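User: Could you take me through this model one feature at a time, with the cut-offs behind each term?

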Amino acid sequence: MKPNVVLILADDMGYGDIRAFGNDIVETPNLDRLAEEGICLTQHYSGSPVCAPARAALMTGRYPHRTGAIDTFEGRGLDRLALREVTLGAHFKQAGYATGLFGKWHLGALDPRYHPNSRGFDEFAGFRGGWSDYWQWRLDRNGNFAKADGRYLTDVLTEEAVGFIRRHRNEPFLLHVTFNAPHFPFQVPEGELGPFQDQPGLTSAVRTIYAMNRRMDKGVGAILDELRKQGLDQNTIVIFASDNGPQMNGEGDNCTARYNACFNGQQCLVYEGGIRVPAIIRWPAGLDGGRRSTALIHFTDWLPTLAAACGIELTSDRPLDGANVLGALRDETPSQDRTFFWQWNRYTPVGSCNAAMRSGAWKLVRPAIPEAMYVAPEDLATDHRLKYEPEKQPDIDRDPEPERTIPDPPAPMLFNLEADPCETEDLSHRRPEMLSKMQRELDNWFEAVEAERRTIDDRL
C-alpha cells in the first residue's frame, strides 16, 4: 500500500521551542514522543527566513525566487506562487491521493487562481494570508467563509485535520496541517499559561508563546492519536517542522527573545537562528526511528523525497533544486557536502542584502542592509486591514514600490559551522580564497534565480 503523508508546519517556532531539541522549560510531550519514535533532524533548513518564500520552497522543491513568492505582503501580491508552478498537493492529487490543507496558506490571498483548491488541494479550511487572530478568525472553507464561533483557532485547525483523516482513512492521502502558532498575535486560552506562570526569567510574551506551542502540541497529539486509532500510523509519513526561525525582539515584558540553542539571529535573517529550524520525521514502515540525524536537509528536498517514498513520478517541467534524501535519512548516503542558498529582503530582491550560502561546513553571510529591509507604513496598515477587514481590499495594490536608496553593503562574513555553529567567529580575513569562491557562487545563483523570476507574468 502507498504510504499516507502528514506534513505539519508551525509558524515562527524556533529550534529551541521543543523539549527534544534542548529546552527543558517548554512542554511539548507529543512532539517529544514523535521525536523518540522518529528521527530528529538537527541540521534541517528552511527555504527562507520568512514564511511565504519558505512555503513556496516547501510546496515546489524550488528556491522561492524562481516561484515569484519573494515577500510576505499579500496586499501587494508578493506572496503569490506563480501559476506555472506545480505544488506538492498537485503532484499527489495527480497520483490519486486525496489532498487536504488546513491552516495558513500565504501563497496568494486575493485572487481565486491562487486559492489552495486551485493549486492541488481538494480540501482547504484556513486562511490565505500571512497571519490571523486566534479568536477573531475568518475561516475559508473551500471558498466559503465562516466567522469565529468562540473556539481557539489552533483547536479549529486540529479538528479539521482529524476530520480529514477519518474521511479518507480508506484511501491514500496527503494532509498538510499549517498551524499559525506561535506567530503573533500572542493569544492563548488562559488555562494553557499555568505551567509557565512561575518560571523565572520569562517575559509575559515568552510565557504566552510557550503556552501557544503547548496548545499546538496537543493538536499534534490529537492527529497522531487519530492515525493510531485508524490503524494508519505504521505506514504514514509524519513530518513536523517550522517555516522559519523565531521572532526574538521587543522590549520589557513584550520581549520575545528566548532559548534557541546557541544560534545567532532570528526570523527575517539568514544567520542560523533564522533558517535552521526544528524538524522530525517518523515513518515506522520505512525508516528506523529513535535517532538523531545530522544530515543536511533543505525545504526543497521534501517534495522529491516524499514523491520517491510514495512512488510518485514528478511530471513538472520545472527543474527542482531539492534532492531525494531518503538515503541520507537511512544513513546510506553522505549528505554533508551539499550546497544551499538563501536571500531575502523587502520588495524587489537585492542580492547583496541578507544573503547566505552553505557549502559543507562553510557558510557565507551577506548581512542585511537596513534600507532594503524597510517597510512603508501604508503596507503595514494594509497588512493589518486585510486580517480584520478583508472586504475592504478585494485586489492587490498595484502602485509602485516605495522609493529607496540602497547603500553599499556591509562586508561579507565567513563561518565554519562544524567548528562554530553559533557563528561567533568571522573567518573571512583568514580564508580570502574561500570567501571569494563562495561569493562568486552566491552571486551566480542570485543572478540565475532572479532571471527566472523576471519571466513570470501572471497578470490578469
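**Rings, sheet, helix and cysteines**

User: What relative accessible area does tryptophan 135 have?

Analyst: Buried is defined as under 20% relative accessible area and exposed as over 50%, with partly exposed in between (1.4 Å probe, protein chains only). Tryptophan 135 counts as partly exposed because its relative accessible area is 34%.

User: Which kind of model is this, and what is left out of its side-chain values?

Analyst: This is a predicted model, in which local features need pLDDT of at least 70 and side-chain atom pairs count only at pLDDT 80 or more, whereas totals for chains, interfaces and linings use all residues. Residues are numbered from 1 along each chain as its sequence is written, and side-chain values use heavy atoms, leaving out hydrogens and water.

User: How many degrees lie between the planes of tyrosine 45 and phenylalanine 340?

Analyst: Rings of Phe, Tyr and Trp (its six-membered ring) pair if their centres lie within 6.5 Å, and planes under 30 degrees apart count as stacked, over 60 as edge-to-face and the rest as tilted. The structure holds 17 such pairs. One of them joins tyrosine 45 to phenylalanine 340, is tilted and spans 6.3 Å centre to centre, with an angle between the planes of 55 degrees.

User: What is the centre to centre value for tryptophan 135 and tyrosine 152?

Analyst: These two rings form a tilted pair, with 50 degrees between the planes. Tyrosine 152 counts as buried because its relative accessible area is 2%. From centre to centre, the rings of tryptophan 135 and tyrosine 152 are separated by 5.1 Å.

User: Which are the edge strands of the open sheet?

Analyst: Helices (H or I, at least four residues) and strands (E, at least two) are DSSP runs numbered from the N terminus, and two strands pair if DSSP finds at least two bridges between them. Here 10 strands form an open sheet with mixed pairing, in the order E7-E6-E5-E4-E8-E1-E9-E10-E2-E11. Pairing on one side only, the edge strands are E7 (144–147) and E11 (291–293).

User: What angle does the direction of helix H5 make with that of E4, and what is the average twist of the sheet?

Analyst: Axes are lines fitted to C-alpha atoms, for helices over the stretch in contact (heavy atoms within 4.5 Å), and angles run from 0 to 180 degrees between N-to-C directions. From one strand to the next, the twist averages 15 degrees. Helix H5 (residues 153–167) packs on the sheet and touches E4, E5, E6 and E8, its direction making with that of E4 an angle of about 175 degrees.

User: How many residues of H5 are buried?

Analyst: Its buried residues pack against E4, E5, E6, E8 and helix H6 (204–229). H5 is mostly covered, and of its 15 residues the number buried is 12.

User: Why is the disulfide of cysteine 262 and cysteine 422 left-handed?

Analyst: A disulfide is a pair of cysteine sulfur atoms within 2.5 Å, and the structure holds one. Cysteine 262 and cysteine 422 are joined with an S to S value of 2.1 Å. The disulfide is left-handed because the torsion about its S-S bond is about -105 degrees.
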